[in-house]
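Trainee: Could we go through this model together, one question at a time?

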Amino acid sequence: MKTSSGLAEVGVLLAAFVLLWFAPSFAGDYGLQIAFRVLIYLTLAESWNLLAGSTGLVSLGTSCFVGLGAYVAFGLMNAFDVPLPLGLACCAVAGGALAALVSPALFRLRGLYFTVGTLALAELLRLIMVNVSAFGGASGIFLQKDPPPLPVLFHYALVVALIASLAITACARSRISVILRAVRDDEDAAAQMGVRPYRTKLGAFILSSALVAIAGGVQATKLGAIEPYGMFGLQWSIDVLSMVIIGGVGLRLGPLVGALFVVALGEALADYPEAHVAIAGVILIVLIRFAPRGVVGFVENLAPFTQKKRVAA
Amino acid sequence: MNASGAPLLEASGLVKRYGGLVAINEVDLELHPGTITGVIGPNGAGKSTLIGLIGGAIPATQGSIRLNGRDISRLAASERARAGIGRTYQIPRPFLDMTVEENLEVAQYSIAPFINATLAREERDALLARTGLSDAARLPARALPLLRRKRLEVARALALKPRIVLLDEVGAGLVDSEITELITLIRSVADPNTAIVIVEHVLRVVRECCSRSIVLNFGTKLIEGPTAEVFANDEVAAVYLGTGGDRELGAASGTSTEAEAEASVHLESPAAERRVMSPLIATRSESSGGAPLLELKGICASYGQARVLKGIDLTIREGEAIAILGANGAGKTTLARTISGAIAPTSGVLRIAGEDVAGQPPHRIAELGIAHCMEGRRIFPTLSVKENLLIAARNASASACQERLDSVYDLFPVLAERKDHSGTSMSGGQQQMLAIGRALMARPRLVIFDEISLGLAPVVMDKLYEALMVLKQAGMTLIVIEQDVDRALALADHAYVLEHGVFGLSGKPREIAADPRLRHIYIGTAD
């Protein structure tokens, strides 16, 4: 039953991918801009949900890997004229490698302390970028060659989002899922069942970080110019966290619903930036109070009989 | 059975120190395949620590452990589990948000990620059937009550297909017929290649399953040998069995129910006792005009669809001590929770000193003088012993608090010694004393004691029941919910037996004890 629902999910993802591939031919420039943003946010939110929702590692270090991806992509393209796909692959490797490098220290911390640790890591990287002139210092760096046009970038973002969604599906619909949740619920009891908590967390952290770094690379390429305050800004971490909380932590559809919601809200209130922040805050408070499992969880509770199907779809 | 040949597991010179405290001191252990070894000893003797040291959850300070000749002393818990050591936790730690079935999958998939799905399901079904959890396979583990969670612990440990099985107090809280099932289960696990270790206070399990037994006391091995010899040892009787040993020996007839509470230091004069305990006991109310302290009429309560209480009538007057007995699942804890307001009754009348309080929140009922010493102790782990006590007396003045503290320390001197330690750092028996003390701190008019002897050494149960007797002598009104029939009946003025949510039997303790229906109810409802 598990495998069949997993296969159905892969089918839905592929169908959505094929449909969206042709979006540039009928969507306008504005539509593509919005869709691009949704796809990047979706990738980040899926990765964050794998860490926080499935494995119990609540990270505030998203910005660290977004920034890393951006700088790796620009560095390789500027210095060695690396083609974009190869550059993005290198982003993934760099993201995974950084995750593996810092995990011996970070995984000594549990719960909230891990969260604080990831926040410190992001700040550390930002300060390094600001102060080391070889990386452009506080003013950042420009992409020397021309970035690809928007429809091409949209396709990149679409492929990255597909890879992220397929990877998360593989984790959520297979035997890995129970192992991840066991580590999330009780690391010690899981170890007593033969689960290796350290390896499990490391695997999830590396996968999630690699995906975030690719998304960072794509986002940077679209901007054409990066600087440490933007790419390593705390805003990335906060946005992703609030998206998943709004959508539903640990739920398969949570990241998608959250990403759509946040982008739509941002557009609706684009002319009132102060109101945007305040309203987003109020929405978070209301959701946490009345629908702690997010929008998706709330809908599931309303329709208990279709619950299984909804999650699978 | 097969005591010759090489041991399957060999631990030598095991030491575990926590700072200055030595939890396990130079313990040697040999487990041979095909044997079942019992580990008994007072609470705090280091039994669970020993399980933790073998299972790998606790790193040893010193000493070595060899499994099949291979040194596993430095291996992490996960690697030891994969090498074939399965353990249960004394306080069950299921993955609460997963179904029972998924809980087993964790063990299955971690040792064999590519196991055939059909085979894995068959193995799971067989395990669930053996542990009596088949009907709960799809339920979230959170929905299971304590005793079924214990079964899930056993099932999870067995899902590892272990060669060493460490069972930490899986028999606590079971009635006779369930113990018989447990013994059958343990025997079915035993095969010529497996070694089992049982840590248990339910002596029947040890007596009937274990060929050899070890007694731990203060972290050292007091005695090791054939179980019958160990049980007959005088020293063991002194440090562990207490009066429980005598009752075990004479239990065959099932009629030894005399109120033989030996005179403790406290009981010299009821008047003196009343004076010392008076800060803890509410003054009798004159205003209620003769209304009973607690009155239940036709109380029904349910969890979702499941109706648990089906019309309970109960009247308690001030100064009475009543015992509520019954098989597991009969509704004893539900009744306690209904009285204290944790569950709102679906129908019926609940009066405290004449005031109808059905449906009132627990804090309101606590204000009216009902204290609930809950099953499972519920000590706040981040608070010290003293803070745990004071939290129940928030509205009292500082001097009243101090008086009550002194009285609780007088009742349980060990709490005074440990007053600045974390509440959960103490042994199980001391934690139970703390839970009792905390219930008393509110200066209640009535205290409900729910399964206070669960998982405690017989000698500690003696102490707790002495304390309850002191309270009763001092005029406290008590409801005692208890699995240990003899102890409860020795204390009570009146006893009720719950059966399928109604009182099947009630009367004077002496009559109840002699009633053949008591035995029938205990054995008849569990299957």
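Mentor: Let us begin with a term: two residues are in contact if their C-beta atoms, placed from the backbone, lie within 7 Å. This is a predicted model, in which local features need pLDDT of at least 70, side-chain atom pairs count only at pLDDT 80 or more, and totals for chains, interfaces and linings use all residues. Residues are numbered from 1 along each chain as its sequence is written, while chains are lettered from A and ligands numbered from 1 in the order in which they are written.

Trainee: Which residues does Ile198(B) touch, not counting residues up to four places away in sequence?

Mentor: With those sequence neighbours set aside, Ile198(B) touches Ile36(B), Gly38(B), Val39(B), Leu167(B), Val205(B), Val206(B), Cys209(B) and Cys210(B).

Trainee: How far apart do the C-alpha centres of domain 1 and domain 2 of chain B lie?

Mentor: Chain B is divided into domain 1 (9–250) and domain 2 (270–281 + 292–524), with bounds that come from an automatic or database domain assignment. Between these domains, 21 residues of domain 1 of chain B are in contact with 20 residues of domain 2 of chain B. Their C-alpha centres lie apart by 30 Å.

Trainee: Which element gives the largest share of the side of chain B that touches chain A?

Mentor: In this pairing, 24 residues of chain B are in contact with 17 residues of chain A. Helix 2 (77–83) and helix 3 (100–111) of chain B are the elements that give two or more residues to that side of chain B, helices being DSSP runs (H or I, at least four residues) numbered from the N terminus. The largest share, seven residues, comes from helix 3 of chain B.
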